[in-house]
Amino acid sequence: MFDLVGYLLISVLGSIFTALITSSKKHWPLWSFEKKTILPSSWSFWARKADSENTANDEVLQDIKNLAECHETAALLDDLIHKDGAGEWPPRSNHAHTTWPAALRPYREIYEEMAPLLPRANVSLDNEVNKARITDFRSRLRKLLHEEVKLDQVEQLLKAAEAGRWDVFPRETYNAFYCCIAWCRHAYRWATIPVVSLAQLETTLPLPPQLALPWRYLQRHFGLTSESGNNMSNLVLNFDPQGPGSTYTYTLKINTGLSDDRITTSEEAFARIFHDVERLALPIYHAVVHATTAFARGDAAACLAHTQRITARLRPLLSSYYDRVHDARIARDVWLSHVQGFYAWGLGLEGEGEGDGDGDEERVKFDGLSGNQVLLFQVLDAFLGIKPYLSEENQNRNVPHRQRMFCKAVETHSFRGRLAGDGLEGRIQGELGEIVKRLRLFRTAHRTRAKVYLSQPAPERLPMTAGKSLLKADMDQSLEFLDEFMVGRLAQTV
Ligand code: HEM
């Protein structure tokens, strides 16, 4: 009897809450939850789902949309998914270029033609040979771009997107185009893989207008200032959900045509981690939003359940790193030369004309991609109240604006410092401590593994990481320099 009454009561209250969060209330920041009001809500539904690996993504996406009117964190996550993700997370990226607007298709066809010319099985240590390779690659790419691309038509499309005409330039096509332009820019930058010291020592590099002009629009859309690509443009968006097979297809490649499949499988295994991390992170972002919202309305039980979901989901997510960043999946002796170099950048101009060489720009050094741009770690740090790893300048260069906004909101609403030490809040505190422990474990393992990969011999080049550009004169000093960042971050992870 009690069960029935209790059930009815909970159902009625649940419906009231659901009606509230799906109501047309538009001013969520003004809608503050009354402290200590316990409202049954969709939390119990999601808490029950905590163990189910296969909770459908669209249920999560719909729930985030519903919550968007309740809390700033949900609104910003929803905005990120809608605008940068083309409605999904990881972001949708349509690489079926025959479906692209006609003016954009030559870029992908040029990629197909140039990609096999980029990698070399055997690297030369002779500067003259390398100079010829670089000059030849760049002039061929420039020629194709000049002959095939109708830049005014491309610009019309980019302007249409900027004006919100996503019917003309669908967001998932925009994402794949971003990836394609980023690939072409990095290919032009290095012109031969493995990367060689001659190219590393360049300080500026005027890019062909067909690669410079779209980049300005694309970077403006994503709210970024760097000349280099980033974790999103080059890695996460490089997976096509419409490819053959049940998994996402790895699309634009660095080492096309090389017969050593240790190189090609290592390249793909490395890239896939970044896509998988975002795929597995969606339920974590969702739980972060729920836990934050539950705390705001004073519902400690719900907050605890959602915090437990984060801990539970972290294990399989971090396994995508632990299970792949080792020699059997990503071969140590090929990663540095054949994979990592492409993602670096290490030069640039910043300012008015950005790369058009008219003298209004200031010479700066843009770093390339790094794991330090991965959204998940930034969200977890923000949630735990740990200050951001990247400086504001580097965030603005490499972390898309809407990702930054979501992290900022999570940081603003971080409640770790406001919890009581006992009762349910004490248990939340304990659960957050568990997340910190897992992050510390990751950072400890990462420190060791990164060092092993970076200390492989690569006589063709100078010490460099994609995330920190050219380093010290020798590898020992460089590793020491990098270790300071990693040790420093470990010390902050408390
Ligand atoms: C063999 C591959 C890798 C190497 C050699 C490597 C190396 C490094 C180095 C040297 C740093 C510190 C300097 C900097 O900020 O750029 C760093 C930072 C970082 N890396 Fe990696 N990385 C690798 C792969 C990954 C992967 C696959 C992830 C995650 C999916 C990742 C996540 C991070 C994060 C989050 C940071 C920022 C510091 C922190 O939060 O602990 N890295 N990495």
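Of the chain's 494 residues, 43% count as buried, meaning that 20 or more other C-beta atoms, placed from the backbone, lie within 10 Å of the residue's own. This is a predicted model, where local features need pLDDT of at least 70, side-chain atom pairs count only at pLDDT 80 or more, and totals for chains, interfaces and linings use all residues. Residues are numbered from 1 along each chain as its sequence is written.

**Overall build**
- The chain has 19 helices and six strands; these are DSSP runs numbered from the N terminus, with helices being H or I of at least four residues and strands being E of at least two.
- Take contacts (C-beta atoms, placed from the backbone, within 7 Å) between residues at least 6 apart in sequence: 78% of them join residues at least 24 apart.

**Around the ligand**
- There are 24 residues around the ligand, and Gly371, Asn372, Ala450, Tyr453 and Gly467 come nearest; to be near, a residue needs its C-beta atom, placed from the backbone, within 6 Å.
- Three helices, α12 (261-296), α18 (423-454) and α19 (475-492), each supply at least two residues of this shell.
- α18 gives the largest share, five residues.
- By class, the shell has 15 nonpolar, six polar and three charged residues. Here Ala, Val, Leu, Ile, Met, Phe, Trp, Tyr, Cys and Pro count as nonpolar, Asp, Glu, Lys and Arg as charged, and the others, Gly among them, as polar.

**The largest nonpolar core**
- A nonpolar core is a set of buried Ala, Val, Leu, Ile, Met, Phe, Trp, Tyr and Cys residues joined through C-beta atoms within 7 Å.
- The largest one holds 114 residues, of which Leu77, Cys180, Ile181, Cys184, Val288 and Val379 touch the most other members.
- α12 gives the most to this core, with 16 residues.
- Leaving out residues up to four places away in sequence, Val379 touches Tyr285, Val288, Cys407 and Val410.

**Helix α8**
- Helix α8 (residues 171-190) has 20 residues and should span 28 Å at 1.5 Å a residue, which agrees with its end C-alpha atoms being 29 Å apart. The expected span is 1.5 Å times one less than the number of residues.
- α8 is mostly covered, with 20 of its 20 residues buried.

**Gly385**
- You'll find Gly385 in the loop between α15 (375-384) and α16 (392-398).
- Gly385 counts as partly exposed because it has 14 C-beta neighbours inside 10 Å; that class sits between buried and exposed, which is 12 or fewer.
- Gly385 touches Ser414, Arg416 and Gly417, not counting residues up to four places away in sequence.
- Gly385 and Val494 are 109 residues apart along the chain, yet their C-alpha atoms are separated by 9.7 Å.

Note on methods
Two residues are in contact if their C-beta atoms, placed from the backbone, lie within 7 Å.
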